[in-house]
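Open the model in your viewer and keep the selection tool at hand. The tour goes stop by stop.

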Amino acid sequence: MPSYRASPGFFEVPHAAVYTLMTVTVLASGFCFIQAGGPAAPAELLFRYGGMYATAIARHEYWRLVAYGFLHVNFVHLTMNMLCLVLWGAHLERRVGPAYFLIIYLCAMVLGAVIGNGIHSTPYLTVGASGATSGILGALLCLWILGKLEVGFDFFAINIGLNIAFALGNSRIDWGVHLGGFAAGLIVCALLDLVEKANAYLLRCKFPEAVKVNLAVLACVMALWVWSGPAQAIAVGASGWEPVIMIAVAYCAVVKLVDLGLSMKKGLAIVVTALAGVNAAVVMLCGWALAFYCWPHMPIGYLPLDILVIFCPNPILISGLTAIGVAVLTLWLCAKEILRGIEDVGFVGTSLRAERSRRHGL
């Protein structure tokens, strides 16, 4: 991983992952506002598009654990959360890189929803990125406690104080999601630090951020697949935790193969090209799963099915074209890494191995 050091200043310029999350969140929330015909979205619309509610987990609607974090009640709600994302997310992404930043953000979003759901004793509907942004602040606090963040205590005093003051002034704040996301961010950041320390003994190279982000996305896809029916159907005779263990072992093997590949001459170009092919294959398999398994079992009027029917009348053809597009997009986004790998005469792998031993932990 490249060297990321947080600026000692209060404000940090946002980076790619922050901009990406902001764009997706604004588009998703804006779509709801357009549907509602105003700067606010009614509860019925938020529920339809992914709001988190009391029995969502019991009904296996796991997609809501992520979808709710990209929806907002009104323009003020959206603005406040995006401001927090910029103020806090820029510091965290600069320090840990986009891959770990996205992992912390999504884990805080999901675990915040799970913890909030456990705390609620009455029916509720929750939307907003507050749990995820609270997780960013928790992760920054973890790095500060570990002595790995160059910001003063006033940074946390001001930001946590303002966050609490704003929450106290709004009776509709979901404290369970806020506190759950904050705790999740702190814990996940600490675990990632331990992972980085363990990787010093298990892996040869520091992975370039492009490779790390790609592997993180594949991990998310595999996690969603484990939750789905196709995983149980394919794992013939397996039940309970067996598919999870099998996929976890397979993923660890892929990570080690990537590590070995990066240590070879021109290995970076080979790894990126291989990941482009894997991305295309995953998209194709997801398209087939939607066509042959998911669609026939989705109830009429179910939102994901409605969207898929509109945009994917021929799922096999669309998934094939999308797979080609994803492969091309991967190669384009990783053009610098591919060029570096092609020009490698034995120095890239050596520099990545040196980077592995340069920093202990995050």
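Is D259 buried or exposed? Select D259: at 0% relative accessibility, it counts as buried. Bear in mind that this is a predicted model.

K256 and D259 form a salt bridge, with the closest N and O atoms 3.2 Å apart. Both sit in helix α11 (residues 242-262), 3 residues apart, so about one helical turn separates them. K256 counts as partly exposed, because its relative accessibility is 30%.

Go to helix α8 next. Select K197 and D193, whose side chains meet in a salt bridge (3.3 Å, N to O). They are 4 residues apart in α8, so the gap is about one helical turn. D193 is buried at 3% relative accessibility, while K197 is partly exposed at 27%.

K206 lies in the loop between α8 and α9 (209-227), 10 residues from E196 in helix α8. Both K206 and E196 are buried.

Turn to the largest nonpolar core, of 52 residues. Select L92, F101 and Y105, which touch the most other members. Elements giving two or more residues include α4 (75-96), α5 (98-119) and α8 (175-202). Around F101, look for contacts including A17, L85, L92 and I136.

Last stop: the second largest pocket, with a volume of about 520 Å³. Select V73, H77, V127, R172 and I173, which lie nearest its centre among 24 lining residues. The lining has 13 nonpolar, 9 polar and 2 charged residues.

Conventions: Residues are numbered from 1 along each chain as its sequence is written. This is a predicted model: local features need pLDDT of at least 70, side-chain atom pairs count only at pLDDT 80 or more; totals for chains, interfaces and linings use all residues. Side-chain values use heavy atoms; hydrogens and water are left out. A nonpolar core is a set of buried Ala, Val, Leu, Ile, Met, Phe, Trp, Tyr and Cys residues joined through side-chain atoms within 4.5 Å. Buried means under 20% relative accessible area, exposed over 50%, partly exposed in between (1.4 Å probe, protein chains only). Contact means heavy atoms within 4.5 Å. On a 1 Å grid over the protein atoms alone, a cavity is a set of points where a 1.4 Å probe fits but cannot get out, and a pocket is an open set with protein on both sides within 12 Å along at least five of seven lines; lining residues have an atom within 4 Å of a point. Grid points are joined across faces, edges and corners, and a volume is the space filled by probe spheres set on the points. Ala, Val, Leu, Ile, Met, Phe, Trp, Tyr, Cys and Pro count as nonpolar, Asp, Glu, Lys and Arg as charged, and the others, Gly among them, as polar. A salt bridge is a side-chain nitrogen of Lys or Arg within 4 Å of a carboxyl oxygen of Asp or Glu. Lists of a residue's contacts leave out its neighbours within four places in sequence.
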